[in-house]
Amino acid sequence: MTVLKETIQVKRPATEAFAYLADFTTTTEWDATAREAAKLTPGPIATGTRFLVTCAMPVGSVDIEYEVAELDAPRKIVLRGRSRFFDIEDTITFTESGGTTRIDYQAQFDFKPLIRPFVGAMEPGLRRMGKASLKGLKQALDDRFPTPKLSGEDATADKLVLPKLARFTRLGYLRGRKRWNPVSADLRGKHVVITGSSTGLGFASAMELAHRGADLTLVMRNKARAEEVKRDILAETGNGNVALEIADLALLAEVDALVSRLLERGRPIDVLINNAGALYNEWQATSEGIERTVALLLISPYRLTLGLKPLLAAAGDARVINVVSGGMYSQKLSVDRLVAKEGEEFSGATVYARAKRALMVVTRHWARAWRQDGIVVNAMHPGWADTPGVKTSLPTFYAVTRFALRSPDEGADTIVWLAAATEAGKLSGQLLLDREPQTQYLLKGTEETAAERKKLLKFLDAYAPTAGATAASMPRAKAS
Ligand SMILES: NC(=O)c1ccc[n+]([C@@H]2O[C@H](COP(=O)([O-])OP(=O)(O)OC[C@H]3O[C@@H](n4cnc5c(N)ncnc54)[C@H](OP(=O)(O)O)[C@@H]3O)[C@@H](O)[C@H]2O)c1
């Protein structure tokens, strides 16, 4: 039997340290030997929850299947693991005093007979490993990581279109992930509003943010699906703090009614995620007479965010996250071409990309204008992720790329990071992919002029909520 014991002190309440460690998939964030970790059993973490952790060995790797044997919040966690080389019991105890928590971590190895003759020689290495892991855990919980910048390597890739596009695939995610820092920020008590959470990236973000303890308001347009989502989130995470709002966000009247309801509820919004979106291959106007792409992807998040600004400002340090698309790289802002006219040649992908480009420009404008309100505003693009939206709107693209696509969780990762990570709160006006700021213009000649930016704001001003932010008011102007 080999027993490793380490102690660390962190300036965090025991409840936060406990919540972080109870989800043992976080082990990949702080234990340098842990390469992959997955939760094997559905439902909230409880006694009996199982995790699979793959750890690097001097040669190859070993899979350890852990089971939570004891979960006494926020005092003690006991995990029992089995692998082909050893059984292990991790006992983690948390003792809080004056805002600091002492974490005592004991790992007890029981090696298989075949390994026992080598244990003496392995012990110093094991002890070093134990110390390094606990140092990593302390760093994770101290949560003082630098704000990411565009890395030199990425800046080079940005000048070359093909390497940049390769980053949009799952390989880009796997590569990016190697550089990431832990995210241990506690989201309990934070109010996060997410649009379009019925499927795809919105659903994946909602599930992960619920798992991290946030109180959610989920905006969907189908009531039955919304209730199903709420049930799924409760069943998987145990988080019942999920409010539902039903709205067709392509309709300004419904955006306004949503804003009115949320203002009436009066709960400050810590994070607003403008995620709802669609790529339409056919021209169609909404019942309010606006081409539906620009209505849903630009005018709607513009009006919603402005309408909710009092609640964002009331949060003190709110974050707005606009989900754009790498497709926007193909387009230069052109206000005259934002609203596709009926009867003209129509390319859904182009109109979509133009609207996303415009939302990026608005993101930067708000970032500057709202700094003094304590609101940071960023955009992210998910790369290419396997979601129902991509499958139905881009069937050929989907057929060709499906094996290289990211999962919805991987595509949503940067949304969750922007919402949760402490260091993300210091960024504003950025476009992110895989938790890193990106260039906003990839192709020569796609940077808009200051005059065009001004023109966009003038165009959008016609869709701003009316003073006193909106009692189901109709738009002051219509595009057609
Ligand atoms: N997946 C990718 O590779 C990718 C790449 C670049 C950008 N994006 C962007 O990521 C965001 C999420 O896309 P996704 O891939 O997750 O697509 P998705 O699976 O189709 O999900 C889109 C979400 O938006 C909602 N939505 C669509 N129209 C709406 C409306 N009029 N009112 C309210 N909600 C509406 C959908 O609700 P319903 O279920 O009711 O339709 C759904 O919840 C979008 O903004 C998209 O442009 C995705």
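## Contacts along the chain

In this predicted model, among contacts (heavy atoms within 4.5 Å) between residues at least 6 apart in sequence, 67% join residues at least 24 apart. Local features need pLDDT of at least 70, side-chain atom pairs count only at pLDDT 80 or more, and totals for chains, interfaces and linings use all residues. Residues are numbered from 1 along each chain as its sequence is written, and side-chain values use heavy atoms, with hydrogens and water left out.

## Overall form

The protein has 15 helices and 15 strands, which are DSSP runs numbered from the N terminus (helices: H or I, at least four residues; strands: E, at least two). Its radius of gyration, taken over C-alpha atoms, is 24 Å, close to the 23 Å that the globule rule (2.2 Å times the number of residues to the power 0.38) gives for 480 residues, so the protein is as compact as a globular protein of that length.

Of the 480 residues, 52% count as buried, meaning under 20% relative accessible area with a 1.4 Å probe, protein chains only.

Strands of a sheet pair through backbone hydrogen bonds, either parallel or antiparallel. Here seven strands form an open sheet in the order 1-7-6-5-4-3-2, with antiparallel pairing, where two strands pair if DSSP finds at least two bridges between them. Strand 1 (2-10) and strand 2 (34-39) stand at the edges, each with a single partner strand, so one side of each has no neighbour in the sheet.

Strand 1 pairs with strand 7 (residues 100-111) over nine bridges in the antiparallel sense, and the bridge partner of Glu6 in strand 7 is Tyr105.

How values were computed: Buried < 20%, exposed > 50% of the residue type's maximum accessible area, 1.4 Å probe, protein only.
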